[in-house]
Amino acid sequence: MENDKLKNGVLTGNLACFGAYAIFGFNIISCKNIAIDGNITPMALFCLRSFGAMVLFWIWSLFESPHEQIERADMWKVALASFLGLFLTQLSFLFAITKTTAIDASILSTLTPIMTLVISAIVIKERITWSGVAGIALSLVGVFILIFNCVSINSGADSTSVWGIVGMIVNGICFASYVGIFKPVIRKYSVVTFMKWMFLFSSVMALPFSFGAFKVSNLGAVSMDVMWQVAYVVVCATFIAYFLIPIGQKRLRPVVVCMYTYVQPVIAMVIALALGLDSLTMLKVIASVLVFTGVGLVNFVPKKSLR
């Protein structure tokens, strides 16, 4: 009976993570389109995401019974989790997506599990393996190829900049830190309770910047098509996806949660190519193969620890 319950929990966690990262795959395209439209700044979009999800989670919490409270000793942990997992993660992504193509952003997002492995080694003293070192090295070579492509090739410089790549790497480090460090506090509370406070803190952090962001944005010029994509980003890619991720975090190891990042590039690349939003070059293929091979070495090769 206990084994069945454990297996069901693992299955639930995997399904939740798959659903969240499938939503994130579409999110890359939506955020890119919003950025191209240019009427909503990255900070304004972040504020819409944070305020919108906060309202939705707090409304949902009104119908929860019994009403759960965060312990005072855990409040600073939730605030720090919000800073890393929401504020810095989303802002760095929204900044980077304006300076990278959808395919490049998707490729770079696959580094998150490797970052999680490194952070786990530092924080919880997990051993780094030979396959892990080889995987990290291969993936970094793939990233360097992307940097060379965007800096040295004319067609690349118009689409992906070094700052866009840096933004995606910062995004991965922040989210990997959130997933790898805060599992104990996440497991103590219901998903709705934890996320309503997460988004409250992120909204407070964003509030000082929101006035200037909305003043610079031209909301009156936003088309209905872009409005629907903003609604998708707020409701699906923020409220629903961030509801699903803690379900996975409660039941799976941090690295396994981040492994579902691999769903993103598959979905985003197919959509981007189908809609003509991006082009697939040989250098991108080589970079993708190196990054994915590195990720595979980290996660799937039998582990032999460094001596």
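**Reading a predicted helical model**

Colleague: Why is cysteine 174 called buried?

Modeller: In this predicted model, cysteine 174 has a relative accessibility of 7%. Buried means under 20%, so cysteine 174 counts as buried.

Colleague: What makes cysteine 236 partly exposed?

Modeller: Its relative accessible area is 21%. Partly exposed covers what lies between the buried limit of under 20% and the exposed limit of over 50%; cysteine 236 is therefore partly exposed.

Colleague: How many disulfides does a search of the whole structure find?

Modeller: The search finds 0 disulfides. To count, a pair of cysteine sulfur atoms would have to lie within 2.5 Å.

Colleague: What is the pattern of helices and strands in the chain?

Modeller: The chain has 14 helices and 0 strands. Buried residues make up 54% of its 307 residues. Among contacts between residues at least 6 apart in sequence, 91% join residues at least 24 apart.

Colleague: Which residues make the contact of helix 2 with helix 11?

Modeller: On helix 2 they include Leu45, Arg49, Gly52 and Trp60; on helix 11, Val230, Thr238 and Tyr242 are among them. The residues of this contact divide into 13 nonpolar, 2 polar and 1 charged.

Colleague: Why is threonine 89 called buried?

Modeller: Threonine 89, which is found in helix 3, residues 72-96, has 5% relative accessibility. The limit is under 20%, so threonine 89 counts as buried. Leaving aside neighbours within four places in sequence, threonine 89 is in contact with Leu84, Asn171, Cys174, Phe175 and Tyr242. The C-alpha atoms of threonine 89 and tyrosine 178 are separated by 9.2 Å, although these residues are 89 residues apart along the chain.

Colleague: Is asparagine 171 buried or exposed, and why?

Modeller: Asparagine 171 belongs to helix 8, residues 162-181. Its relative accessibility is 11%, and under 20% means buried; asparagine 171 therefore counts as buried. Beyond its neighbours within four places in sequence, asparagine 171 is in contact with Thr89, Ser92 and Phe93.

Definitions and conventions. Residues are numbered from 1 along each chain as its sequence is written. This is a predicted model: local features need pLDDT of at least 70, side-chain atom pairs count only at pLDDT 80 or more; totals for chains, interfaces and linings use all residues. Side-chain values use heavy atoms; hydrogens and water are left out. Buried means under 20% relative accessible area, exposed over 50%, partly exposed in between (1.4 Å probe, protein chains only). Contact means heavy atoms within 4.5 Å. Helices (H or I, at least four residues) and strands (E, at least two) are DSSP runs, numbered from the N terminus. Ala, Val, Leu, Ile, Met, Phe, Trp, Tyr, Cys and Pro count as nonpolar, Asp, Glu, Lys and Arg as charged, and the others, Gly among them, as polar.
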